[in-house]
Amino acid sequence: MDASPPTEPPHSRHEEFVTLLTASHPKLLCYLLSLLGRWHDAQDVLQRASALMWQKFGTFQSGTDFVAWASTVCFYEAKAFQRLAARSPLHFDDELLALLSDERAEDLKHHDARMTALDSCLAKLREEDRHLVNASCDAHGGISALAAQLGRAPATLYNKLSQLRRILADCVTSHTMEEAT
Amino acid sequence: MTPEQKNRLFILFTGHAAETQTADEHAELQHALRHDAEARRLWFVHQDVESGIQSRSAVQTAFVSTKRAKVSAWRQRRPLAAAAAAAAAVFLIGLGVAFWSVSSSGGAVARVVAAYDARLVGVEGDLSAGRKLQLKRLRLETGRLEVTLASGVRLEMIAPLEGEFSHDMRLRLDSGSVNADVGEHGKGFTIETAAGEIVDLGTEFGVQADRLGESRVAVFSGSVEVHSREPRMGGGPVTLTEGMAARFSVQSGLRSWREVALAAREAGLASAHYTGIVERVRDNLGDDELQPFYGVVRRGMDPGMLAFTDKPNPRWAPRPGDKVPSFLLGADLIRTYHQFRYRKAYELTLSLRETAEVYVLINAQSQLPEWLAEKFTNTGESLIAGPFQGSIADWPGAIIGADSLPYFEFAIWKANAPPGEFTLGAAGSAENQFMYGIAIKPKNHSTP
């Protein structure tokens, strides 16, 4: 990206853009999570991609699929992020990124149903497990710090959180398949 | 897929998210995702669940505490609705929509985060952390002052600096250097200089201005719009993104500027240009699209200075009970990128104006890279850097501070470098890897 002046869309379209971006934000975040695998990375890339989407919004045709259009921008921002800014060198190669991107674009249609199912699946967890899942999101210091706080071995906590996420994934899948039938 | 295989997959998913995977585990995950459609479906379900949990957790905690001790606001979790609204708000800024209320009395309300030998004209008493200041006309005579505004914007101001706050979202910078970390609620924060305006579109940037109408902008992360007053620019703002720097003035318009001199000037010096020993800093990672830049702080090697360009928290400090080695005090500091610590083919080239003593600060637990052992000698002294994120508190050598966060010791290695180019290499290949820091002094000014 160079310092040349961007082609700015007309002011009359900014409300349209804001509406579309607001509605699509959760799906775009999930799309990026599928490519990057890390919540904070996905947030950072979406922030950058959002600025770029606005610059390029003049090329978006009203009435067409905004998520599909926006995910293309997100895809290239995710690749740029991995190339230059990723904290970890362990990221997916270009071939796998392309495969995940293609399939995820189709898979996103299940997103809303999964989110609805997640509420009831979280409610089914034991209260202590639900608190643990929430605590793992709040923990600034990561799993190690949370383990220290709870007086548990990091490896034990790590396995427990993996198990809880698998339980939730199974529950969400079960709910969405039941609704589909 | 068997239950055991599924369990294994979720362990790999969790490890990837927590950045605790080994290279072998990562390869195993990649293989599974590439060759197994069911693994990919589970990956997507897992990410949806993760996203849903994170969003729900953020809604619960967002209004418990609006200001956290960590100032890296760009990492804050966002409520689901607020995240979408915030993303949308970014684009309203560029259209000139006033999104935040303006203080009716003018000026800005600020809280001190940290002060290092700071003298603020018109403000009596200690500039201790947490002190509330009403700032309108601003003159920082000495030192550095970090404040957080009511808008959530965090500013690092380096003396000598003069300017004026219109309100929480607008600062006119007449002269001096400012770094801004804008965060979630401060998008649209504007710094006005004689040469034009810099409007933030997200996160972290720095501005240096002088009274001759020259301004310099560097974007650490996110992006900013630069509106130059120079009529020959042809109108329209220019967007700078992460890693870019630009120089613009009333006379000469906008042009790229690869090095940003975050000058810590001595009182009385009026020069707007960095004239220190380092003429240029460049690495071999940039390309035509993005060019990382390196902040050079003149005489910046002091306790409390930020160690890395891309990490808002780790700062250099003496070991507990010790002092900064005298030979290091007043050295020019180069802020490296911690994110490049794993780049095996990384090269950083310094262009030096004169013979210099180059100091590399390298994590004491690290396996020494060959280039360091060949060119440098160990001074036997060290500093510590921190705090780092809590998730690495169990790494070898971690010193847990009073804030319960880890700090790490960095050994100081020294080399004599002739004028011209001097190249440093990759940080190393350890599993628990840190980037090194750099300090430089002219050889004839060094303390034996």
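Helix 1 (residues 14-36) and helix 2 (residues 39-56) of chain A pack at an angle of about 145 degrees, and their axes lie 9 Å apart. The model is predicted. Two packed helices are described by the angle between their axes and the distance between the axes. The crossing of helix 1 and helix 2 of chain A is right-handed.

Which residues of helix 1 and helix 2 of chain A make the contact? Helix 1 of chain A supplies His14(A), Phe17(A), Leu21(A), His25(A), Leu28(A), Leu29(A), Leu32(A), Leu33(A) and Leu36(A). Helix 2 of chain A supplies Trp39(A), Asp41(A), Ala42(A), Gln43(A), Val45(A), Leu46(A), Ser50(A), Met53(A) and Trp54(A). By type, the residues of this contact divide into 13 nonpolar, four polar and one charged.

**The two chains**

Chain A has eight helices and zero strands. Along the sequence, chain A reads α-α-α-α-α-α-α-α. Chain B has five helices and 23 strands. The table sets out overall values for each chain.

| Chain | Residues | Buried residues |
|---|---|---|
| Chain A | 181 residues | 54% |
| Chain B | 448 residues | 58% |

The accessible surface of chain A is about 8000 Å², and carbon and sulfur atoms hold 54% of that surface. For chain B the accessible surface is about 18000 Å², with 51% belonging to carbon and sulfur atoms.

Contacts that span the sequence can be read for each chain too. In chain A, take the contacts with a separation of 6 or more: residues 24 or more positions apart account for 66% of them. In chain B, take the contacts between residues at least 6 apart in sequence: 62% join residues at least 24 apart.

**Arg40(B)**

Arg40(B) sits in helix 3 (residues 37-61) of chain B. Is Arg40(B) buried or exposed? Arg40(B) counts as buried because its relative accessible area is 8%, and the cut-off for buried is under 20%. Leaving aside residues up to four places away in sequence, Arg40(B) touches Leu99(A), Leu100(A) and Glu103(A) in chain A. In chain B, Arg40(B) touches Leu33(B), Arg34(B) and His35(B).

**Lys109(A)**

Lys109(A) lies in the loop between helix 4 (94-107) and helix 5 (111-124) of chain A. Lys109(A) counts as exposed because its relative accessible area is 54%, and the cut-off for exposed is over 50%. The side chains of Lys109(A) and Glu106(A) are joined by a polar contact of 2.6 Å. Lys109(A) and Lys27(A) are 82 residues apart in sequence. In space, Lys109(A) and Lys27(A) are 9.1 Å apart, C-alpha to C-alpha.

**Backbone features of chain B**

Where are cis peptide bonds found? One joins Ala159(B) and Pro160(B), with omega about -5 degrees. Pro160(B) lies in strand 4 (residues 154-167) of chain B. Another runs from Gly386(B) to Pro387(B), with omega near 0 degrees. Pro387(B) is in the loop between strand 19 (377-386) and strand 20 (399-400) of chain B.

Ser404(B) has a phi near 65 degrees, a positive value in a residue other than glycine. Ser404(B) lies in the loop between strand 20 and strand 21 (406-417) of chain B. Ser404(B) is exposed, with a relative accessible area of 55%.

Notes
Residues are numbered from 1 along each chain as its sequence is written. Chains are lettered from A and ligands numbered from 1 in the order in which they are written. This is a predicted model: local features need pLDDT of at least 70, side-chain atom pairs count only at pLDDT 80 or more; totals for chains, interfaces and linings use all residues. Side-chain values use heavy atoms; hydrogens and water are left out. Axes are lines fitted to C-alpha atoms, for helices over the stretch in contact, and angles run from 0 to 180 degrees between N-to-C directions. Helices (H or I, at least four residues) and strands (E, at least two) are DSSP runs, numbered from the N terminus. A crossing is left-handed if the near helix is turned anticlockwise from the far one by less than a right angle, and right-handed if clockwise. Contact means heavy atoms within 4.5 Å. Ala, Val, Leu, Ile, Met, Phe, Trp, Tyr, Cys and Pro count as nonpolar, Asp, Glu, Lys and Arg as charged, and the others, Gly among them, as polar. Buried means under 20% relative accessible area, exposed over 50%, partly exposed in between (1.4 Å probe, protein chains only). Accessible areas come from the Shrake-Rupley method with a 1.4 Å probe; for residues, only the protein chains shown count as cover. A polar contact is a pair of N or O atoms within 3.5 Å; within protein, one must be able to donate a hydrogen and the other to accept it, and residues adjacent in sequence count only if both atoms are side-chain atoms.
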